[in-house]
Amino acid sequence: AIFRGAGLFCKSIANKLADWNKPRATVLSATNFIMNNGALEAMQFDGRLNLGLLIAEDSNTYPVNSSMPADAFSVDIWFMLDTDAGSPSVNRGLIAAFVPGSVIPSSQQVESECTAGWRLSYKAQLKGSTNVLSTVLTFELVAHNKTDESNPNITYAEPVAKLKTTSPALSLRAGEWHHVLAVSDMHQLSIYLDGKLVEGASDVTCPTCQGPVYKRESASCAMIKTPVTIGTF
């Protein structure tokens, strides 16, 4: 797993903290992004110093593809927000194997027809002068959908369904850890927060879906990679 540079020049001390001065998409030392509050230690993702943790550049290549979920699956992650959570109009990635992804090379152009994989993300906005953030969780999935619902006897080479479920606004306190679990049973998406089902985030269904699509078959998508990431901006 590696970090990618954000392309911002945050430090200028010669030969010190040099990794912070690397251009966008170059490899950084993960040790530069470990935070410690005296009780817990964890990686920091803020989009200014780094673009996220890149687990694998392409989920379609061996041996990564042999470890990726192919049918029903769940994915979970612990996360903590701070009061500088970013723009409420921008989705921030928690964990994903998804196209597009912001840690991919900037030269990799992604068309909507190449969208693939799955992503668990959030948007957050600080509530006034409090340390509580109005947070919306989103779970997206591009799934195989090989049967035409209007005619069950007809199948296609690569029809897909784009599923997306979004939670209502949740009040999360900055500086507190939360556990989020996203579940796909191939036909329905669900989100759990701190062990409880998020009501209103389970109304997406696809009776004919069969599992995640990690690469689209269109010729224009042939060179597009599906990165596996944590904390992408």
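**Ground rules.** I'm looking at a predicted model, where local features need pLDDT of at least 70, side-chain atom pairs count only at pLDDT 80 or more, and totals for chains, interfaces and linings use all residues. Residues are numbered from 1 along each chain as its sequence is written, and side-chain values use heavy atoms, with hydrogens and water left out.

**Overview.** I looked up the secondary structure and got 1 helix and 17 strands. These are DSSP runs numbered from the N terminus, with helices being H or I of at least four residues and strands being E of at least two. Of the 233 residues in the protein, 41% are buried. Then I checked contacts (heavy atoms within 4.5 Å). Among those between residues at least 6 apart in sequence, 66% join residues at least 24 apart.

**Disulfides.** How many disulfides are there? I count 2 disulfides, taking a disulfide as a pair of cysteine sulfur atoms within 2.5 Å. As a reminder to myself, a disulfide is a covalent bond between the sulfur atoms of two cysteines.

One of them links Cys-114 and Cys-221, at 2.1 Å from S to S. The angle about the S-S bond is -90°, and the link is left-handed. Cys-114 sits in the loop between strand 7 (92-99) and strand 8 (116-126), and Cys-221 in the loop between strand 16 (196-197) and strand 17 (228-230), so this bond ties together parts that are 107 residues apart in sequence. Are Cys-114 and Cys-221 buried or exposed? I find both of them buried.

Cys-206 and Cys-209 make another disulfide, with sulfur atoms 2.0 Å apart. I read 80° about the S-S bond here, a right-handed link. Cys-206 and Cys-209 are both buried. With the bonded cysteines numbered in sequence order, the pairing reads 1-4, 2-3.

**Cavities.** I searched for cavities on a 1 Å grid over the protein atoms alone, each being a set of points where a 1.4 Å probe fits but cannot get out, with lining residues having an atom within 4 Å of a point. Grid points are joined across faces, edges and corners, and the volume is the space filled by probe spheres set on the points. The structure has 2 cavities of 30 Å³ or more.

**Core.** I define a nonpolar core as buried Ala, Val, Leu, Ile, Met, Phe, Trp, Tyr and Cys residues joined through side-chain atoms within 4.5 Å. The largest one has 36 residues, and Trp-118, Leu-137, Leu-163 and Val-180 have the most contacts inside it. Among the elements giving two or more residues to this core are strand 6 (73-80), strand 12 (160-166) and strand 13 (170-173). Which strand gives the most to this core? Strand 9 does, with 5 residues.

**Positive phi.** Met-186, a residue other than glycine, has a positive phi near 80°. I place Met-186 in the loop between strand 14 (177-184) and strand 15 (189-193). Asp-194 also has a positive phi, near 50°, and lies in the loop between strand 15 and strand 16. Asp-194 counts as partly exposed because its relative accessibility is 40%.

Notes: Buried < 20%, exposed > 50% of the residue type's maximum accessible area, 1.4 Å probe, protein only. 1 Å grid on protein atoms, 1.4 Å probe; cavity = no way out; pocket = protein on both sides within 12 Å on 5 of 7 lines; lining within 4 Å.
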